[in-house]
Amino acid sequence: MNDNILLLVLIVSCGVLIMLVGFFLLFHRSQSRIAEQQQRLQEEKLIHHRQLIKAAIASQDAERKRIGQDLHDEIGAALAVLKLTIDQCQANLGVDGFQHFLQSCKIKIDDIVSSCRNISHNLSPEILTINTLTESIEELCHSFSITIKITLEGNDEVWTLLDTLTEDKAIHIYRILEEALHNTVKHAEASSINIGFATEAGLLQIVYQDNGKGINHVCTKSGHGLKHIESRLLILNATYAPLSDIDHGYRLSFSFPLESSLSEYKQSNTIA
Amino acid sequence: MNSLFWYVGVVAPASVLVPIGCALWRYRFIDQALKIILTYLFIAGLTNMAASALAFSNRNNLFLLHFYTAIEFALLSLYFLYLIKNKHFRWIIISVMLVFLFTCVYNAFYIQDIKQFNTYTRSLQAVILPSYGFYYLYKRIGTHHGHALNKAHYWVIIGLIIYFFSSLIQFSFSNFLSANLAKEFRIWLWTLHASIVLVMYMFFAKAYILCKDER
């Protein structure tokens, strides 16, 4: 054995050095990659959050505009006609003429009251005031059923559970379904919609499915309707999976925990 | 002690059949680089068979190690050549491979006796190949996007790094240890080496299992 031990020690030392430097560099690199990915994720979340806020603001603006238009077109116009009718009254009126004047004033006032009721109903559905959530959903589906066949699926237990939800949650569910129905009628060219309600392991699951042409999520990325649905789902703390397929229509499946709503309901019943 | 001889001479070398079996099972899905590793496994298996046969008939088998080192280095360099796309680094790999092959031949004929361990070339190999592995990992870490073949290469390279770095000291001082260490300790050392080889083969097997159709 006449190996040059010094040379071999040198090679081993180089090897150990390379190993240490190599592991250090790999560790450093992986840490910076993780940091980059986290930062990217954070930025994406921020952008998404901004989009949601933007959608919410846009929605508010659109609603203000619609209310303004409704007031102008219906209440304003009706009041203008009423004013005109009163102006005409300044001319001489006989008994018959006065009776006719009163009658037309009543008709105009009834029209204004009716318009006010319609505007008010559009602003806030009569959930938990006159109707239960199930009744409101049925009414909503009925209003769309002229153009499309809508099937509601669920058992007695689910309908009871739906009616125990807090007002906030009920309104969110109502609005989500309303938005989805609007989208289907407006864009999907569907002939039928199926809305299924089920409970499983303390979760309320709702599956909305139409048989239309589906939504290309890439193209409708900035669609306000979908953003509204997403905002409400986030508020509900729901887990959701929107799926769209050209052959199988649009499908939105979401579920959220029932526990809090049940306990709130029980608590309110106990107090009552 | 007899069982250790069987472990070092038969069980550990035979474990090469595990990654070879996995590679043949997934052959349709493996890329060119992994096919080179399969060739390497075949050559390692055959060399180990020959070495064990010579050892059991009490004949010196170290001349095989001189040839095997050159072939192993060439094949693993080719493997990295397929993986690494950097033009300059590819030239480095080719140049180092040619110089190393020449060094192996020169070492076998003029520096170290062919019946002794080739400690110089073996230890150089154990420094150079993991360095390629580190370079590849450094460039690719966090960028593989979960593709099966990329994951497979990670397992192969980690296996190589573990094997060569763990064996570096043993490779370097094989002649010294053979001359100065009691036989019992030497057997334990080679048992340890056989176990590291086994671990590397299992890493390769895992790499082949990961390969699947992702088209």
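## Basis and confidence

The model is predicted, and local features need pLDDT of at least 70, side-chain atom pairs count only at pLDDT 80 or more, and totals for chains, interfaces and linings use all residues. Residues are numbered from 1 along each chain as its sequence is written, while chains are lettered from A and ligands numbered from 1 in the order in which they are written.

Where pLDDT is low, the predicted coordinates should not be read in detail.

## Chain B as a whole

Chain B has nine helices and zero strands, where helices (H or I, at least four residues) and strands (E, at least two) are DSSP runs numbered from the N terminus. Of the 215 residues in chain B, 38% are buried; a residue is buried if 20 or more other C-beta atoms, placed from the backbone, lie within 10 Å of its own, exposed if 12 or fewer, and partly exposed in between. Among contacts in chain B between residues at least 6 apart in sequence, 80% join residues at least 24 apart.

## Two loop residues of chain B

I84(B) lies in the loop between α4 (62–83) and α5 (87–111) of chain B, and because 19 other C-beta atoms lie within 10 Å, I84(B) is partly exposed. Leaving aside residues up to four places away in sequence, I84(B) touches F89(B), R90(B), I93(B), Y135(B) and Y136(B). One of these, Y135(B), is 51 residues apart from I84(B) along the chain, with 8.7 Å between their C-alpha atoms.

N58(B) sits in the loop between α3 (32–56) and α4 of chain B, and N58(B) has a positive phi of about 55° although it is not a glycine. N58(B) counts as exposed because it has 6 C-beta neighbours inside 10 Å.

## The contact between the chains

The contact takes 20 residues from chain B and 16 residues from chain A. On the side of chain B that touches chain A, the elements giving two or more residues are α6 (119–140), α7 (148–172) and α8 (174–180) of chain B, and the largest share, ten residues, comes from α6(B). The residues of this side divide into 14 nonpolar, six polar and no charged, where Ala, Val, Leu, Ile, Met, Phe, Trp, Tyr, Cys and Pro count as nonpolar, Asp, Glu, Lys and Arg as charged, and the others, Gly among them, as polar.

## A helix pair and a loop in chain A

The axes of α3 (residues 133–144) and α5 (residues 167–188) of chain A come within 11 Å and cross at roughly 10°; axes are lines fitted to C-alpha atoms, for helices over the stretch in contact, and angles run from 0 to 180 degrees between N-to-C directions. α3(A) and α5(A) are therefore roughly parallel to each other, a term for angles under 35 degrees. By class, their contact has ten nonpolar, one polar and one charged residues.

A201(A), in the loop between β2 (192–200) and β3 (203–210) of chain A, has a phi near 50°, a positive value in a residue other than glycine. A201(A) is exposed, with 8 other C-beta atoms within 10 Å.

Conventions:
Two residues are in contact if their C-beta atoms, placed from the backbone, lie within 7 Å. Angles under 35 degrees count as roughly parallel, over 145 as roughly antiparallel, 65 to 115 as roughly perpendicular and the rest as oblique.
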